[in-house]
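I set aside this page for what I looked up in one model, taking helices, strands and charged pairs in turn.

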Amino acid sequence: MTGVLGTAAEHARRNPLLLWGLTRIVLLLCVFKVVTIPGPDVTSDIEQIYQGWFEVLKTGTYPLDDVTWQYPPVAALAVLAPALLPFLGYSAAFFVLSFLCDALVFGLLRYAGKRPGRSSRGAWIWIAGVPLLGPTAYARYDLMVTAVAVAALLAGLSRPRALGALAGFGAMLKVWPVLLLAGTARGRATFRSWSTAAGAAAGLLLLCTIAAPGALAFLGFQRDRGTEVESLGALVFHVARHFGWQGEVRMNYGSIEFLGPYVSTVSTAAMALTLAAFGWLLLWRIRARVFSKTTPADAAFVAVLLFTTTSRVISPQYMIWLVGLAAVCLAYRASPMRRPAHLVVWATAVTQFEFPVWFSHVTDSDPLGIALLLVRNGLLVAASISACRALWQRTVTEPRSAAAAVVPVQPERARSLPVV
């Protein structure tokens, strides 16, 4: 039996498509509840929230009275997408569409990895990262947004306008894809991609505003969110609860958050930390001397990693964004993001234990719950520092050192000859 299992494992290792298929079958079994994962039912949001939005959106308006609607207006397309499969129930159609988007990303990474100067490591990161998150990967629309982001970065190397159009579309799906533009080369590439992104986003926003009332309602709902229990800042309150902090944990604005004294202070500090991270990105862009073929993907990965790590909300599905961008980075042999990409994969694996498996320990702030958050968030902090250092070194430090090492040869001063 060991020999059979060993042979199967070897075949899977040599055949990425086979391993992708096997792991995705397991994910489908989980979301269709053939296999049950301990902890809260991660598919309940599809049935109770997404489907409710679906019914409201069909009437020609956005969910104006639902504070859990905290997404840009084009997110309505993801919620309405299951209507493309009318022969399936809403949840089943959503899971199938998630599976198809997963397959699309895998196909793009496999194709990209076969080109000169590329690597198959990106596809392997995707194969591993998605199932490590568990059924949450298929039970949120973030995988669909990640598919847009991966396509944008892979197309953007030679077609800046394609990068801009997809980034603008993605930003109207879930905001964060606008960060894909962080590493575009100065000059024509930046002008083309940024202007196209702005035009695409503005056009979509105008279209959605005209088409249905409430397109901008998400802005107020998102602004009023607090500190979610899985975020970096939440660790303050997880520890403080053991020293008499008079607060509580409850559902608020669609997620489990801390409510009570000093929560607003920690939330403000998290936003200040995010602003500081963006300030570092701006400084990097000013100081960068070389924009190589890998820089757009590397910088996008760093930007989204910083945004995620410093956010007052780190929902489990955010890890899909990072896995997708890490996979694009590693699709390039020359990318310096190998270590932070691996740290992200490890953080994704821990995330499944943090949610849903042992989520009750997290909400109780017991030693196991605190340990899980310390490890997961610690890995994200380590990945952020490592990624920032790698990006700075590759684009700022190394080019400057190389330029300093090239000392111009001074012409030998001609000796004056005596006049005879």
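The entries below follow the order in which I looked things up.

**Ground rules.** I am working from a predicted model, in which local features need pLDDT of at least 70 and side-chain atom pairs count only at pLDDT 80 or more, while totals for chains, interfaces and linings use all residues. Residues are numbered from 1 along each chain as its sequence is written, and side-chain values use heavy atoms, with hydrogens and water left out.

**Helix H17.** I took helices (H or I, at least four residues) and strands (E, at least two) as DSSP runs, numbered from the N terminus. H17 covers residues 367-405, and its 39 residues reach 53 Å from the first C-alpha to the last, close to the 57 Å expected at 1.5 Å a residue; the expected span is 1.5 Å times one less than the number of residues. I then looked for a bend, meaning the angle between axes fitted to the seven residues ending at a residue and the seven starting there, and found one of about 45 degrees at Gln393.

**Helix H6.** For H6 (residues 121-133) I compared the 18 Å that 13 residues should span at 1.5 Å a residue with the 19 Å between its end C-alpha atoms, and the two agree. I called a residue buried under 20% relative accessible area, exposed over 50% and partly exposed in between (1.4 Å probe, protein chains only). The buried residues of H6 are Gly122, Ala123, Ile125, Trp126, Ile127, Gly129, Val130 and Leu133. Taking contact as heavy atoms within 4.5 Å, I see these buried residues pack against H2 (16-31), H5 (90-113), H7 (142-156), H14 (318-330) and H15 (338-357). Just after H6, Gly134 takes a positive phi of about 85 degrees.

**The sheet.** I counted two strands as paired if DSSP finds at least two bridges between them. The 3 strands form an open antiparallel sheet in the order S1-S3-S2, with S1 (227-228) and S2 as the edge strands, each pairing on one side only. S2 (residues 248-252) and S3 (residues 255-259) are joined over 5 bridges, and among the partners I noted Met251 with Ile256, Asn252 with Ser255 and Glu248 with Leu259. In their hairpin, which has 2 residues between the strands, Tyr253 takes a positive phi near 55 degrees. On the S1 side, 2 bridges join S1 to S3, and Thr227 stands opposite Phe258. Because 4 of the 5 residues of S3 are buried, this strand is largely enclosed by the rest of the structure.

**Charged pairs.** A salt bridge here is a side-chain nitrogen of Lys or Arg within 4 Å of a carboxyl oxygen of Asp or Glu, and a search of the whole structure finds 9. Glu354 and Arg376 form one of them, with closest N and O atoms 3.3 Å apart. Glu354 lies in H15 and Arg376 in H17, so the pair ties together parts that are 22 residues apart in sequence; both residues are buried.

The closest N and O atoms are 3.0 Å apart for Lys33 and Asp41, and 3.7 Å apart for Glu47 and Lys33. Glu47 lies in H3 (residues 44-57) and Lys33 in the loop between H2 and H3, so this pair ties together parts that are 14 residues apart in sequence. Lys33 counts as partly exposed at 43% relative accessibility, as do Asp41 at 38% and Glu47 at 39%.
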